[in-house]
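Hi everyone, thanks for coming.

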Amino acid sequence: MIASEGRRSIWRSRRWLVLPLLGVLTLAGCGDFRRFETASIPSSTPAAKPVLRPAAQSPAAEREHERILATYGGAYDDPKLEALITSTVDRLVAASDRPDLTYKVTILNSGAVNAFALPTGQLYVTRGLVALASDTSELSSVLSHEMAHVLAKHAAIREDQARQAALVTRVVTDMGNDPEMTALALAKTKLSMASFSRQQELEADGIGVGISARAQFDPYGASRFLTAMERNAALKAGRGGDGRSQDFLASHPATPERVRNAQNNARQYASAEQTAKGERDRETYLNAIDNIVYGEDPSEGFVRGRRFLHPKLGFTFQVPESYTLDNTAQAVIGVREGGSQAMRFDVVRVPAEQSLGDYLNSGWMENVDRSSTEELSINGFPAASVSARGDQWQFKVYALRFGSDVYRFIFATRQKSAESDRNSRDTVNSFRRLTLDEIQAARPLRIKVITVQPGDTVESLSHRMAGVDRPLERFRVLNGLEANATVKPRDLVKIVVD
């Protein structure tokens, strides 16, 4: 979740009450890229320890590096994993067309499944992506894909495109009050960038598969991992969240065309002899990722079932039984099964001298029913609520002061009812301080690599998964197993434990 100052101007500038629900709740807060933090305490981004190769840094590159660290929870320190990635990158660089180039790789402390590159040769991979991959060839396919963006100067071209888009936005903003012209100009810019990105992805896939194959990795690692990411996103979306909000697929769409393209590229390198030589190196890979943190880092707040807990800030709340929760970079998002109700939870800056009722009526939100404003006390914390209405959605908004910070609950429903009122009240009323025992008990989930024993099945092994929803499907996705695949004794598999 992000801090509030940049977000408040975004909320004021959009007619957000008439946008589609998930666009409102998910995107309305994209004012900056910092993780959830209190409004009164400066962000403390961990140092970038897992830097694997030296590279010169310009001031602009340093700023972008810091922004990425802040967005993705800082750097993740794991010597075994760093050693594996170092050796993999070395092999890929030696097999590329530019073995003279150097790359700097940072492992990001995020459960999102993502990787990306900067024009300087800085490569980033999240521990969420590392946890999803099943062998070194799959990891190599991601690293070589990102190296390909650098080799083909895609990252530099994207920077130019982003600058052009920013210029168009400024020009369009200055055009005046013609919303149709503004929307048309921005839409054309975005479509142009999206189309260009698809071409880049296909080209990077082709270059990346070639690099991996020449480095003696299994060339089919790319198509396998694209498929794994698509299945992972579908599993995440199936519980009501945005399956691609911070993930690789948001900027690297794994369309069927792209998977087929990766398979066709692999066939060029996959004679019977080459396929036999192509390394997957599953055992080495799984040994390297054994015990890495899985999912969210508790220090940044995390979801357990229907409850959100933030041990560092010392609070928790719970959504109704029909809801699922997703802790995104911008906010905590809750969606009721079927999508007829949703919730957003975030932090905002409100001056100490301003009442919460005045804040709710201060103009950042449109179509507010001022007569509905109510001052409240929720578990001893001062709060206020207000109602608002859009074309298709009705809203109930709460602001709650916790210490020096103000937290905001935004509830949306297609049709106001006794149930929707009860759901919003029950959620807000569940907001409370964490006990000392709860804070001390909060610890991250981890990947544990185990050996399949005689009698073990996919179903029995999935029952050993802790802290995750839909454990059977997640076990299959995490281990690259298709719907009817089985496990054999002495196989190594990943499970999630607490």
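The structure holds 15 salt bridges, each being a side-chain nitrogen of Lys or Arg within 4 Å of a carboxyl oxygen of Asp or Glu. Before we go on: this is a predicted model, where local features need pLDDT of at least 70 and side-chain atom pairs count only at pLDDT 80 or more, while totals for chains, interfaces and linings use all residues. Residues are numbered from 1 along each chain as its sequence is written, and side-chain values use heavy atoms, leaving out hydrogens and water.

Take Asp218 and Arg224, whose closest N and O atoms are 2.7 Å apart in a salt bridge. Is Asp218 buried or exposed? Its relative accessibility is 6%, so Asp218 counts as buried; the cut-offs are under 20% relative accessible area for buried, over 50% for exposed, and partly exposed in between, with a 1.4 Å probe and protein chains only. Asp218 and Arg224 also belong to a salt-bridge network with Asp135, Glu138 and Arg280.

Now please find Lys488, which meets Asp491 in a salt bridge at 3.9 Å, N to O. Lys488 is exposed at 52%, whereas Asp491 is partly exposed at 23%.

Charges can meet rings too. The charged end of Arg91 sits over the ring of Phe217, 3.9 Å from its centre. The rule here asks for NZ of Lys or CZ of Arg within 6 Å of the ring centre and within 35 degrees of the ring normal. Arg408 does likewise over Trp364, with its charged end 4.5 Å from the ring centre.
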